[in-house]
Amino acid sequence: MPGDPNCPICEGIGYLRRELPIDHPDFGKIFPCSCRTEEITQSARAKLFRMSSLDALKGLSFDNFTKRGRVGLGQLQADSLENAFNQARTFAENRQGWLMLTGPYGCGKTHLSAAIANHAIESGVSTLFLTVPDLLDWLRYAYSGVDMSFEERFEEIREIPLLILDDFGTQNATAWAQEKIFQIMNHRYINQLPTVVTTNMLINDFEGRIRSRLQDPNLVTIVKILAPDYRNPTDDTGHPELSTLALHGRQTFGNFSLRQNEKIPAEDLRELKKIFEATRDFAEHPCGWLLLTGTYGSGKTHLAAAIGNYQAGMGFPPLMVSVPDLLDHLRETFSPTSTVSLDRRFEEVKRSRLLILDDLGTQSATPWAREKIYQLFNYRYNAELPTVITTSNKTEALDPRLYSRMQDERVCKVLVLPVPAYRGR
């Protein structure tokens, strides 16, 4: 194509030959004139953009990302989002190693990865941005040989200077798909080619060979986003199918009855008030374990839910679930139609920032159930994760392994509600 007709350098030809020694490797070659540089750059950028499958995401950038999330987001969630923003922007500027963004649907992973891609393309870096299912479809289509051969397409993906794989783990897990994904990831791992991965899965759910590479701290930076779905801000729990906190939304400290107008001994009422204040203190600063025990209807679940609702109001919603319901949720993962594995579901519960377990001791006492409850308690005991437990059983009647951990005063505070069942006025 001709250049600028008014260009004083090439006089409109658009190309130049440099005056070089005859032994120079560029001797005799023609080069675009500076009057065509911008045109060529724009053409190259357009080609890169078409290759990257970013048509629907071209407007996503770091400038229009709300780095601390929506108004009202809790500090822990907002901090995790800002950290992800900073890590993504640093990666976009340096493009060194791998970046893995994890978190629930709608937390901002795709926006940040698209911002990285758009920034790279603007810098002239060849980039492919694909969801993993689309990547596999792209490879399957290459078998038709219409645009290029399968080998050429596969090599292009493996060698692209920047590869961004969105929704990693959602692909069809056929043997062929697993092998192709591994070959791509392994090639890029060995050659340390810049790669971005986003996923809502736990790393332990990945195929073993992939998992081992993603866990290499010398190459991979893993960033976990704790923010809820930006498109559905009312779903703050992250586990709507598990948590029963919404069912106890009206149970707060403000409407908890201190039973002043009932014929209850004054000593018991004073003790109830102390328990009320202790649970309120725990709600403000969850630390260690809190065990609430007493007869049915004495207010254990109300106080546990009040703790949960207080924390949710602070922007840190906990996971609240009755122990029998929890075991049912774990059993459901064995169903052929389940979309989540037992390991992933159990991991979600084990690692919850604040876990509220209601009605301990009422669950089915099968060996499997006892073992799962013990594993849960043992993990949270060793990690000293904030946990609230309610039970109507005498603690010594529980599994001895649980009882021994509840007796550790360094970790667990036991509160015995001394009042009878509340029946209203």
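I take helices as DSSP runs of H or I with at least four residues and strands as runs of E with at least two, numbered from the N terminus. On that basis I find 13 helices and 12 strands in the protein chain.

A note to myself on the source: this is a predicted model, where local features need pLDDT of at least 70, side-chain atom pairs count only at pLDDT 80 or more, and totals for chains, interfaces and linings use all residues. Residues are numbered from 1 along each chain as its sequence is written, and side-chain values use heavy atoms, with hydrogens and water left out.

**Whole chain.** I looked up burial next, where buried means under 20% relative accessible area, exposed over 50% and partly exposed in between, with a 1.4 Å probe and protein chains only. Of 425 residues in the protein chain, 46% are buried. I then turned to contacts, meaning heavy atoms within 4.5 Å. Among those between residues at least 6 apart in sequence, 75% join residues at least 24 apart.

**His187.** Where does His187 sit? I find His187 in helix α6, which spans residues 175–190. His187 counts as buried because its relative accessibility is 14%. Leaving out residues up to four places away in sequence, His187 touches Arg158, Glu159 and Leu193. I also checked Glu159, 28 residues from His187 along the chain: their C-alpha atoms are 8.3 Å apart.

**Cysteines.** How many disulfides does a search of the whole structure find? My search gave zero, a disulfide being a pair of cysteine sulfur atoms within 2.5 Å. I noted that Cys107 is buried, at 5% relative accessible area, and Cys412 is buried with 5%.
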